[in-house]
Amino acid sequence: MSYLLREIKKITLKQLLLNALGGAILGFGLMEVHSIAHVTEGGALGLTLLLDIWFGFSPAWTSIVLNVAFYAFGIRMFGIPFVAYSLTAAGAFSGAYAICELFPPIYPAIANLPFLAAIIGAVFVGVGVGVCVKAGGAPTGDDALAMSLSKISKIDIQWMYMITDLLVLALSLTCIPVKNVLCSLVTVTLSGQIIGLIQKIGKKKAA
């Protein structure tokens, strides 16, 4: 019980709010950019978009179902505060996505501009996920997995994203034109680098 109380006391309102903000940014970007332009993300994010394309399953719900195993891994690595922050981020992501689904797309013409969508979408994903991870949470399971593997291996988090991203992009070839998949490669590379840059904010360089 004393361990539980110590862990709960580590949770801060600032980090909860940051995770809510990051999750909302991510949900908005995926709905308003990636899902419209069929420019997929990698990892669990990209898999939820593929399930939407293949079967019409909304990422607002599949993102929660698919990520339980990855979150379980993250919980073991980062403890109870990680649970609170990740639930906040995931809830904000799903909520923002579900709300956006209720309204017409803000800029539907982006469906005809996949390369532009790849860049703009990468910014939303990179900033949204980056803010969450920096604040100790993970809006999706692949973020939890990347955080855990990065901690174990001491390899920068942006490189951990590449393996799952490339696997999902390979699957994307089953239903998305090669041109769009190439644009997706641009977005996963750029978003991963943005996430890595955000994680370095405020960190002192080793002497």
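Helix α8 (residues 141-153) and helix α9 (residues 157-172) cross at roughly 125°, with axes that come within 9 Å. That makes α8 oblique to α9. The crossing of α8 and α9 is right-handed.

This is a predicted model: local features need pLDDT of at least 70, side-chain atom pairs count only at pLDDT 80 or more, and totals for chains, interfaces and linings use all residues. Numbering starts from 1 along each chain as its sequence is written, and side-chain values use heavy atoms, with hydrogens and water left out.

Some terms first. Helices (H or I, at least four residues) and strands (E, at least two) are DSSP runs, numbered from the N terminus. Axes are lines fitted to C-alpha atoms, for helices over the stretch in contact, and angles run from 0 to 180 degrees between N-to-C directions. Angles under 35 degrees count as roughly parallel, over 145 as roughly antiparallel, 65 to 115 as roughly perpendicular and the rest as oblique. A left-handed crossing has the near helix turned anticlockwise from the far one by less than a right angle; clockwise gives right-handed.

**Helix pairs**

| Pair | Axes come within | Crossing angle |
|---|---|---|
| α8 and α9 | 9 Å | roughly 125° |
| α5 and α8 | 8 Å | roughly 40° |
| α2 and α7 | 7 Å | roughly 160° |

On the α8 side, Asp-142, Asp-143, Leu-145, Ala-146, Met-147, Leu-149, Ser-150 and Ser-153 meet Ile-157, Met-160, Tyr-161 and Thr-164 of α9 (contact means heavy atoms within 4.5 Å). The residues of this contact divide into 7 nonpolar, 3 polar and 2 charged. Here Ala, Val, Leu, Ile, Met, Phe, Trp, Tyr, Cys and Pro count as nonpolar, Asp, Glu, Lys and Arg as charged, and the others, Gly among them, as polar.

α8 also packs against α5 (residues 68-78), where the axes come within 8 Å. α5 and α8 are therefore oblique to each other. Their crossing is left-handed. Contributors from α5 include Phe-70, Tyr-71 and Phe-73, and those from α8 include Ala-144, Leu-145 and Lys-151. By class, the contact of α5 with α8 has 10 nonpolar, 3 polar and 2 charged residues.

The axes of α2 and α7 cross at roughly 160°. That makes α2 roughly antiparallel to α7. The crossing of α2 and α7 is left-handed. Gly-22, Leu-26 and Leu-30 are among the α2 residues in this contact, and Ile-120, Val-125 and Val-129 are among those of α7. The contact of α2 with α7 has 16 nonpolar, 7 polar and no charged residues.

**Cores**

The largest nonpolar core has 22 residues, and Leu-30, Tyr-97, Val-129, Ile-157 and Tyr-161 have the most contacts inside it. Such a core is a set of buried Ala, Val, Leu, Ile, Met, Phe, Trp, Tyr and Cys residues joined through side-chain atoms within 4.5 Å. Buried means under 20% relative accessible area, exposed over 50%, partly exposed in between (1.4 Å probe, protein chains only). At least two residues of this core come from each of α2 (13-37), α6 (80-101), α7 (114-134), α8 and α9. α6 gives the most, with 5 residues.

Beyond its neighbours within four places in sequence, Tyr-161 is in contact with Val-129, Val-133, Asp-142, Asp-143, Ala-146 and Ile-195. A second, separate core of 8 residues includes Val-33, Ala-37, Ala-117 and Ala-118.

**Tyr-85**

Tyr-85 lies in helix α6. Tyr-85 is buried, with a relative accessible area of 3%. Leaving aside neighbours within four places in sequence, Tyr-85 has contacts including Lys-10, Thr-12, Leu-16 and Gly-136. Tyr-85 and Thr-12 are 73 residues apart in sequence and 9.2 Å apart in space, C-alpha to C-alpha.
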